[in-house]
Each structure stands twice: as structure tokens, then as C-alpha cells.
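The following questions and answers concern how terms are applied to one structure. Please consult the sequence and the model while reading.

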Amino acid sequence: MMQKFFIILLVFIASLMALTFGEGVLRSLGHFIQIIYFGIYEYWQDIFDYLGHFISLHPYKIILALIITAIVSFWLFHQKEQVITQPNSRHKIAILLAIFLGWLGAHRFYNNQIGLGLIYIILSILFTPFSILLSLIDALHFLFMSDETFSIKYPH
């Protein structure tokens, strides 16, 4: 169940980024990453204001991203379920989650490590740069791990 949730989340983020790519997403993403790197706890209001501003300016993009997410997720789960559940696919998904959402512990939740996922969330609130650094280390660790080792260490 957790795997499907994170696949849906990745598809949504990817489709939303693709829809806004041509409209200054790099500047917006840079601003958002700057907020994250300098301590998310200090900028909660800025983040909510920025997200609220983005939503008010681009509601059609969010709706379109949700529609694309629903269609792609439906297709993935009904047409490609065997591919998604293969061990090497789980390995690749864990790497992507560690890179893009690792600072929130998404890769740990995906691997059924709920305790470590909660620790990542707490770290991201207290000291975001450290959480980001740990997630990138995890991504590298997953990247250099073989599919067999990953399957043994992180079973379904």
C-alpha cells in the first residue's frame, strides 16, 4: 500500500514539474530549495504563503497534474503491476524517493522502516540540511547496492 502511495506522489510531483517547467520553475524551485536548505522550521509561514500564492496563480496546473497523476497511476497499477513489484523496480523507486523526498524520510517509509521515517521527519523540522545530507547518503548507498542485496535487506 505504501509503495503505491509513493508512486502516486512521484507521478504527481513529476507531472506538476513538467507542467510548470516552461514558466520559471527553476527560479521557483531554487527559491523553494533555498527555503528548505536554510531551515524549514524558520520559514513555515513563507512556505505556506508561497504554496498558497502558487495555488492561487496556477489552480489549473494542479488540477491537470492531479488528472495526469490519476491516469498514469491507474495505468501503472493495472497494466504494469508486475513490473512495479519486481525487486529491481523497488530498488529504483527507493533511490528516486531518497533523492527527491528523502529529507522527509519517504524512502524509509517505502522500505517499511516507519521508525526511521519518523526520525527523518523530526530531523527535517529541527535541522533540514542534515536531513537532506542523510537522504543523499542513503541515495548513494542504495545506488551502489546490488538488486539482490537490496531485496534481502529490504523485503516487501
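Q: Are Asp138 and Arg108 buried or exposed?
A: Asp138 is buried, as is Arg108; buried means under 20% relative accessible area, exposed over 50%, and partly exposed in between, with a 1.4 Å probe and protein chains only. The model is a predicted one, in which local features need pLDDT of at least 70 and side-chain atom pairs count only at pLDDT 80 or more, while totals for chains, interfaces and linings use all residues. Residues are numbered from 1 along each chain as its sequence is written, and side-chain values use heavy atoms, with hydrogens and water left out.

Q: Why is the pair of Asp138 and Arg108 called a salt bridge?
A: The term requires a side-chain nitrogen of Lys or Arg within 4 Å of a carboxyl oxygen of Asp or Glu. The closest N and O atoms of Asp138 and Arg108 are 3.0 Å apart, so the pair qualifies. Helices (H or I, at least four residues) are DSSP runs, numbered from the N terminus.

Q: What makes a set of residues a nonpolar core?
A: Its members are buried Ala, Val, Leu, Ile, Met, Phe, Trp, Tyr and Cys residues joined through side-chain atoms within 4.5 Å. The largest such core here has 18 residues, and Phe6, Leu97, Tyr110, Phe142 and Phe150 have the most contacts inside it.

Q: Which helix gives the most to this core?
A: H6 does, with five residues.

Terms used
Helix = DSSP H or I, 4+ residues; strand = E, 2+ residues; numbered from the N terminus.
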